[in-house]
Amino acid sequence: MASVTMREVEKVYDRTPVIHGVDIDVADEEFVVLVGPSGCGKSTLLRMVAGLEAITGGEIQIGGNRVNDMPPKDRDVAMVFQNYALYPHKTVRQNMAFSLKLRRTPKAEIGTRVEKAARILGLLDYLDRYPKQLSGGQRQRVAMGRAIVRDPQLFLFDEPLSNLDAQLRVQMRTEIKELHEELRTTSIYVTHDQDEALTMADRIVVLRDGRVEQIGPPLELYDRPANKFVAGFIGSPAMNFADGRIVRSNGTAAVETAAGIHLPLPPGGEAGDGTEVTYGIRPEHVRVAETGVPATVDLVEPKGSQTQIVLHVGGVQVNLVTPERVGYERGRRLHLAPDLDAVHVFDRTTGARLD
Ligand code: ADP
């Protein structure tokens, strides 16, 4: 097992820079998830760690050793891909054994390692089947088995669950986490799915356009996003935003929107009167109240465990989530009270968190 260090890592494809100086530290035994929208550079970073892509600038270390110029096979890293990349004409056992065979591992040891991985992954009964005789989830387990048998110092996962249906994806998340609890192998996991990141990561790295936006434990990113991008990317349904300017009078503070609506702020705060900001509040931190911000109901969606309500405030759409079962008709006017402790304020121009 090993730590991973990325220092000012850059990548240029055909004169187009796509990674612009990224610094990430992954501790020994840590499970770090790289998340961000499609095209932000997640796979490119992972492939540079694996050695499948050249590093244009900066340095990558695995276990304290600079690997910039080290061939992939010498990095002691195992990668699990989205498309499984199994050999169709080999059995599960042969697929899992193949890389060890290439390394001329003694036969008895190959047998032991494959059996052990198959036991951990619940594949003992499938060792003599071919990939086409397996379900999607089982194929993905074989792909992980192939990584496990090598006992590498680092696992790299590139969107491994994207090809699975929603229910199986949720189940496999748990399995991969449990696997990590058991093996403790340092892992870097790439996904575009913020929910996957929140549930699986020890720490999340949010990337955007080849830059790191924020690094931290899941709930830290959720509770104190460093900027509007992270605030909007992490959490579903997404955080509500409204642009406006700060108005302070008689010890109270609010954000006044273009429509003249006042969104309450906690007293105090550093941003001065007139500052142009974006107000942010998560759907579960808004409730219907006797008085407050006037809003009109557009849609009520019962989800069983909770109800999602879509409303508009002035011209701005607002989502609200409540554990209660409510049935407001469309067009119903009511008032909203944001939880003042859960209000986020961002600089309107830079998007940086202000409080
Ligand atoms: P992600 O994994 O976050 O979806 P990628 O790392 O695949 O993003 O891509 C990052 C950027 O680099 C994108 O703009 C993509 O078009 C570009 N890119 C990826 N691979 C290549 C390549 N082989 N040649 C040229 N551009 C590439």
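Contact means heavy atoms within 4.5 Å. This is a predicted model: local features need pLDDT of at least 70, side-chain atom pairs count only at pLDDT 80 or more, and totals for chains, interfaces and linings use all residues. Residues are numbered from 1 along each chain as its sequence is written, and side-chain values use heavy atoms, with hydrogens and water left out.

**Asn227 and its surroundings**
- Asn227 touches Glu213, Phe346, Gly351, Ala352 and Arg353, leaving aside residues up to four places away in sequence.
- Asn227 sits in the loop between helix 7 (218-223) and helix 8 (228-233). Helices (H or I, at least four residues) and strands (E, at least two) are DSSP runs, numbered from the N terminus.
- Is Asn227 buried or exposed? Asn227 counts as buried because its relative accessibility is 11%. The cut-offs are under 20% relative accessible area for buried and over 50% for exposed, with partly exposed in between (1.4 Å probe, protein chains only).
- A polar atom of the Asn227 side chain lies 3.1 Å from the backbone nitrogen of Phe229. For the backbone nitrogen of Val230, the distance to a polar atom of that side chain is 2.9 Å.

- Four strands form an open sheet in the order 2-1-4-5, with antiparallel pairing. Two strands pair if DSSP finds at least two bridges between them.
- Strand 2 (16-26) and strand 5 (65-66) stand at the edges with a single partner strand each, so one side of each has no neighbour in the sheet.
- Helix 1 (residues 42-50) packs on the sheet and touches strand 1, strand 2 and strand 4.
- Strand 1 (residues 4-13) and strand 4 (residues 57-62) are joined by five bridges. Val4 has Ile62 as its bridge partner in strand 4.

**The cores**
- A nonpolar core is a set of buried Ala, Val, Leu, Ile, Met, Phe, Trp, Tyr and Cys residues joined through side-chain atoms within 4.5 Å.
- The largest one has 45 residues; Met96, Met144, Phe157, Ile176, Tyr189 and Val206 have the most contacts inside it. Helix 4 (residues 136-149) gives the largest share of this core, six residues.
- Another core, of 28 residues, lies apart from it and includes Val4, Ile19, Met48 and Val49.

**The ligand**
- A polar side-chain atom of Tyr13 lies 3.4 Å from a nitrogen atom of the ligand.
- An oxygen atom of the ligand is 3.1 Å from a polar backbone atom of Cys40. For a polar backbone atom of Gly41, the distance to an oxygen atom of the ligand is 3.0 Å.

Technical notes:
Axes are lines fitted to C-alpha atoms, for helices over the stretch in contact, and angles run from 0 to 180 degrees between N-to-C directions. A polar contact is a pair of N or O atoms within 3.5 Å; within protein, one must be able to donate a hydrogen and the other to accept it, and residues adjacent in sequence count only if both atoms are side-chain atoms.
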